[in-house]
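I opened my notebook for a structure I had never looked at before. Here is what I looked up, entry by entry.

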Amino acid sequence: MDQPSTWSEARQPKTSPITDDYEISNHVLGLGINGKVVRCYDRRAREKCALKVLHDCVKARREVELHWRASNCRHIVQVKDVYENTYGGNKCLLVVMECMEGGELFQRIQDRQDGAFTEREAAQIMYEICIAVKHLHDSNIAHRDLKPENLLYSKPVNPQLPIGSMGILKLTDFGFAKETHLKDTLQTPCYTPYYVAPEVLGPEKYDKSCDIWSLGVIMYILLCGFPPFYSTHGLAISPGMKKRIRLGQYDFPDPEWSNVSAEARDLIKSMLATDPLQRLQIDEVMRNKWISKHTEVPATPLHTNRVLREGEEMWPEVQEEMTRSLATMRVDYDTANLKQLDNTNNPLLNKRRRAKQQSSSPGLPTATS
């Protein structure tokens with residue numbers, strides 16, 4: 001059955017074979033929500049590109065249309081071409097994007113070798129992410145899946161360079177994106193557990209302010225290396241975690257937060273307001289001094305890259321578990337008693353505690369390789 005056309009007049013897919021213009025490889029670059037991404041090559045320009053293969057359906061057309069519309073922003077991965085082809089015997093949408101060779105945001109921070117990641121660098125990264133989110137929100141688009149895995153650098157890795165020299169940070173994967181012109185117009189529970197806003201967990205409607213909550217979670221992890229909300233039972237999202245999200249129960253534990261500025265903590269609190277009406281909007285976030293004057297933020301060394309390295313064997317499992325939990329759950333949070341943070345069983349925090357106990361010297365523990 002033919003899918004209804006949703007394309008704007010300015011963006012019409014090509015119906016010619018993609019192989020006329022691009023050479024397609026078997027090298028898989030990643031897996032998006034709705035399809036895999038492989039490397040391809042522009043036959044004329046001889047440049048590397050990324051090809052996302054989507055089964056042609058209404059949801060896929062929405063993803064492509066919204067990403068295409070938004071890709072004129074410097075901090076959003078550019079869509080170069082779109083084809084309507086038959087691929088592997090199925091009707092598909094083939095989306096050619098710029099190739100982001102620099103890898104994921106947190107991997108780049110983890111791999112750096114030029115010293116500790118700083119609060120000023122975290123502020124610069126947040127500023128760049130906010131530019132992408134503002135572009136979307138000004139276009140009445142909610143991304144609904146802001147997370148580090150969807151934030152990629154454009155240049156190949158050079159761990160000797162500071163974060164600011166690592167190419168352009170760009171947002172990708174519009175598989176959950178949706179157009180929203182009115183407040184409280186989104187209802188489908190699309191989310192990745194660690195970054196989900198409280199209102200997305202329940203049956204009530206919500207709006208693009210859910211992206212601001214996710215920004216707050218990303219900022220929190222940038223400044224310490226572990227998430228503010230997590231499951232204590234090895235699940236992607238547990239009843240206790242859902243309740244902590246709904247109640248906004250998190251902490252700024254030492255030593256990771258001992259030197260982080262009060263301005264940074266206050267901004268996180270304003271983005272992690274459990275009531276969407278009290279949460280900052282993207283324009284307010286960008287006017288915040290910590291974001292708008294990010295070059296003046298103190299270059300305070302953080303524990304982030306050390307903590308990420310200590311937990312590097314756990315992050316792939318965390319990401320895989322989150323992927324399995326996407327998009328379909330509606331939940332009613334339980335009435336179990338909340339655990340105190342000191343008694344929780346978060347693997348990253350446990351590893352930090354063990355390292356702290358074993359260390360007899362003051363100051364930053366030695367980073368593991």
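**Entry 1: charged pairs**

I started with E101 and K48, whose side chains meet in a salt bridge at 3.2 Å, N to O. The term means a side-chain nitrogen of Lys or Arg within 4 Å of a carboxyl oxygen of Asp or Glu. This pair links distant parts of the chain, 53 residues apart: E101 is in the loop between β5 (90-98) and β6 (103-104), while K48 sits in strand β3. I noted that helices (H or I, at least four residues) and strands (E, at least two) are DSSP runs, numbered from the N terminus.

Before going on, I wrote down that this is a predicted model, where local features need pLDDT of at least 70, side-chain atom pairs count only at pLDDT 80 or more, and totals for chains, interfaces and linings use all residues. Residues are numbered from 1 along each chain as its sequence is written, and side-chain values use heavy atoms, with hydrogens and water left out.

Next I checked accessibility: buried means under 20% relative accessible area, exposed over 50%, and partly exposed in between (1.4 Å probe, protein chains only). E101 is partly exposed at 36%, and K48 counts as partly exposed at 36% too.

Then I looked up E98 and K170, which form a salt bridge at 2.8 Å, N to O. E98 lies in strand β5 and K170 in strand β9 (residues 169-171), so the pair ties together parts 72 residues apart in sequence. Are they buried or exposed? E98 is buried at 16%, and K170 is buried at 9%.

**Entry 2: a pair within a helix**

D138 and K134 also meet in a salt bridge, 2.9 Å from N to O. They are 4 residues apart in helix α3 (residues 119-138), which means about one helical turn separates them. D138 is partly exposed at 49%, and K134 is partly exposed at 25%. I also found K52, E63 and D173 joined into one network by salt bridges that share partners. How many salt bridges are there by this rule? I got 15.

R46 is not a glycine, but its phi is positive, near 55 degrees. I found R46 in the loop between β2 (36-42) and β3 (48-55), and it counts as exposed at 52%.

R144 is another non-glycine with a positive phi, about 70 degrees. Its loop runs between β7 (141-142) and β8 (151-153), and R144 is buried at 5%.

Last, I looked at the peptide bond from D254 to P255, which is cis, with omega near 5 degrees. P255 is in the loop between α5 (239-247) and α6 (262-271).
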